[in-house]
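Subject: Structure handover

Hello,

I am passing on the structure we spoke about. Please look it over first; my notes on what was found follow below it.

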Amino acid sequence: MVKVLKDAGICNYSIFYCNDELFGYYECEKGVAYAEKVQAESPVVDRWNDYMKDILELEMDPVTGAQPKLEQVFRLD
């Protein structure tokens, strides 16, 4: 899975936990569309999602096959 993420250009990946909720954040060096495409086409990601289905509720965008994008509402530079 780490190799797929790196191949997708994903970096600065962090996962946070609070009150039984997980939130993941990462940046896409090669662009969001490229990262989505690499992950959506990967059998490794399919196996990971299947393995985790009993403990993670993954919301997927039916168009991209990836997790939906969040709308940024604040940024402090």
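The count of salt bridges comes to four. Please keep in mind that this is a predicted model. In general, side chains of opposite charge can pair when their charged atoms come close.

One of the salt bridges joins lysine 3 to aspartate 7, with the closest N and O atoms 2.8 Å apart. These two residues are separated by about one helical turn, because they sit four residues apart in helix α1. Lysine 3 counts as exposed at 59% relative accessibility, whereas aspartate 7, at 35%, counts as partly exposed.

Another salt bridge pairs lysine 53 with aspartate 50, and here the closest N and O atoms are 2.9 Å apart. Lysine 53 has a relative accessible area of 52%, so it is exposed. Aspartate 50 has 45% and is therefore partly exposed. Arginine 75 and aspartate 77 also meet through their side chains in a salt bridge, at 2.7 Å from N to O. Both arginine 75 and aspartate 77 are exposed.

The largest nonpolar core has seven residues: Val4, Leu5, Ala8, Ile10, Ala35, Val38 and Val45. Helices α1 (2-7) and α2 (32-40) are the elements that give two or more residues to this core. Leaving aside residues up to four places away in sequence, alanine 35 touches Ala8, Ile10 and Cys28.

Helix α2 also holds glutamate 36. Is glutamate 36 buried or exposed? Its relative accessible area is 12%, so glutamate 36 is buried, the cut-off for that being under 20%. Its contacts, again without residues up to four places away in sequence, are Thr64, Ala66 and Lys69.

In helix α1, lysine 6 is exposed, with a relative accessible area of 60%. Lysine 6 lies 9.6 Å from glutamate 29, C-alpha to C-alpha, and the two are 23 residues apart in sequence.

Then the strands. β1 (residues 10-18) and β2 (residues 21-28) run antiparallel and are joined by seven bridges. Isoleucine 15 stands opposite glycine 24 in β2. The hairpin of β1 and β2 has two residues between the strands, and asparagine 19 takes a positive phi near 50° there.

There is also a nonpolar patch on the surface, formed by Tyr13, Ile15, Tyr17 and Leu22, with about 460 Å² of accessible area together. Strand β1 gives the most to this patch, with three residues, while leucine 22 lies in strand β2.

Regards

Technical notes. Residues are numbered from 1 along each chain as its sequence is written. This is a predicted model: local features need pLDDT of at least 70, side-chain atom pairs count only at pLDDT 80 or more; totals for chains, interfaces and linings use all residues. Side-chain values use heavy atoms; hydrogens and water are left out. A nonpolar core is a set of buried Ala, Val, Leu, Ile, Met, Phe, Trp, Tyr and Cys residues joined through side-chain atoms within 4.5 Å. Buried means under 20% relative accessible area, exposed over 50%, partly exposed in between (1.4 Å probe, protein chains only). Contact means heavy atoms within 4.5 Å. Two strands pair if DSSP finds at least two bridges between them. Patches are made of residues with over 30% relative accessible area and no salt bridge: like charges are joined within 9 Å, nonpolar side chains (Val, Leu, Ile, Met, Phe, Trp, Tyr) within 5 Å. Accessible areas come from the Shrake-Rupley method with a 1.4 Å probe; for residues, only the protein chains shown count as cover.
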